[in-house]
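Subject: Structure handover

Hi there,

As promised, here is the structure we talked about.

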Amino acid sequence: MTLGAGSEDDPTTLVVNGTEVLAPASQSLASVLRDQLGLTATKVACGRGECGACTVLVDGRPTMACVTMAGLVRGPVETLEGLADEISDLREEFADRGAFQCGFCTPGQLVHGAALVRQAGRLAEEGDLPCAVRKRLSGNICRCTGYQAITAALCSVVEQRVEARVEKEEIR
Ligand code: FES
Ligand code: FES
């Protein structure tokens, strides 16, 4: 069958971790990332937008890739592979505090965490930092933890980044 221009099966252009790729518009973003591009840090657990395992950043916003059609993606996509260097501080805190859970939930928590620590200043201004972090991370489900170590790791990185920014401004 020949599909007309603008059909949902036309290829769409995505920018993934800074590289342009063509993908079938009607395929889920998770499937494009994992099956077409081999970016398997993005996990699929529930497959219906309920657990956050498949979280990637689209235009900087945490987005569930399993329920996002490639053709509806507006903005650059960042996966854990692309974010790994940027969040080396967060990965270290996760390791030091025993915040790593399983291979399904942790990648999504780290990707969502990357978006959070980018907004360190704004988060810190909210006052109750652990509460602000928990609220934002509530879509990244793990039934096996109380989230204490994950929250502590994120709060620590937020505080470090705010301090680093203050120091930089003081030096100027
Ligand atoms: S796998 Fe996408 S939200 Fe659960
Ligand atoms: S879902 Fe990953 S450890 Fe609970």
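Let me begin with a term: a residue is called buried under 20% relative accessible area, exposed over 50% and partly exposed in between, with a 1.4 Å probe and protein chains only. This is a predicted model, in which local features need pLDDT of at least 70 and side-chain atom pairs count only at pLDDT 80 or more, while totals for chains, interfaces and linings use all residues. Residues are numbered from 1 along each chain as its sequence is written, chains are lettered from A and ligands numbered from 1 in the order in which they are written, and side-chain values use heavy atoms, with hydrogens and water left out.

**The chain as a whole**

Seven helices and five strands make up the secondary structure of the chain; these are DSSP runs, with H or I over at least four residues for helices and E over at least two for strands, numbered from the N terminus. Along the sequence, the order of elements is β-β-α-β-β-β-α-α-α-α-α-α.

How does the radius of gyration fit a compact globule? For 172 residues such a globule would have a value near 16 Å, and the 17 Å of the chain agrees with that. The radius is taken over C-alpha atoms, and the globule rule is 2.2 Å times the number of residues to the power 0.38. The C-alpha trace spans about 60 × 45 × 25 Å along its principal axes.

Of the 172 residues, 41% count as buried. The accessible surface is about 9200 Å², and carbon and sulfur atoms account for 50% of that; the areas come from the Shrake-Rupley method with a 1.4 Å probe, and for residues only the protein chains shown count as cover.

Contacts here mean heavy atoms within 4.5 Å. Among contacts between residues at least 6 apart in sequence, 55% join residues at least 24 apart.

On charges, the chain has 17 positive and 23 negative side chains, and the centres of the two sets are 4 Å apart. Lys and Arg count as positive, Asp and Glu as negative, while His and the chain ends are not counted. Each charge is placed at NZ of Lys, CZ of Arg, CG of Asp or CD of Glu.

**The aromatic pair**

Rings of Phe, Tyr and Trp (its six-membered ring) pair if their centres lie within 6.5 Å; planes under 30 degrees apart are stacked, over 60 edge-to-face, and the rest tilted. The count by this rule is one aromatic pair. F94 and F100 form it, with 5.5 Å centre to centre and 70 degrees between the planes, which is edge-to-face. F94 is buried, at a relative accessible area of 0%, whereas F100 is partly exposed at 39%.

**Some residues in helices**

V32 sits in helix α1, residues 29-36, and is buried, at 0% relative accessibility. Apart from neighbours within four places in sequence, V32 contacts L14, A23, P24, Q27, L37 and A70.

A124 belongs to helix α5, residues 120-125, and is partly exposed at 32%. Neighbours within four places aside, A124 is in contact with L129, V158 and V162. From A124 to A149, 25 residues apart along the chain, the C-alpha separation is 18 Å.

Helix α7 covers residues 148-171 and contains V166; T151 is in helix α7 too. T151 is buried, with a relative accessible area of 4%, and touches P130, V133 and R134, leaving out residues up to four places away in sequence. V166 is partly exposed at 40%. The C-alpha atoms of V166 and G121 are separated by 9.9 Å, and the two residues are 45 apart along the chain.

**Two backbone angles to look at**

Most residues other than glycine have a negative phi, and most peptide bonds are trans. Which phi does D59 have? The angle of D59 is positive, about 55 degrees, although D59 is not a glycine. D59 lies in the loop between β3 (55-58) and β4 (61-64) and is partly exposed at 45% relative accessibility.

Y147 has a positive phi as well, of about 70 degrees, and is not a glycine. Y147 is placed in the loop between α6 (129-136) and α7, and its relative accessible area of 23% makes Y147 partly exposed.

Best wishes
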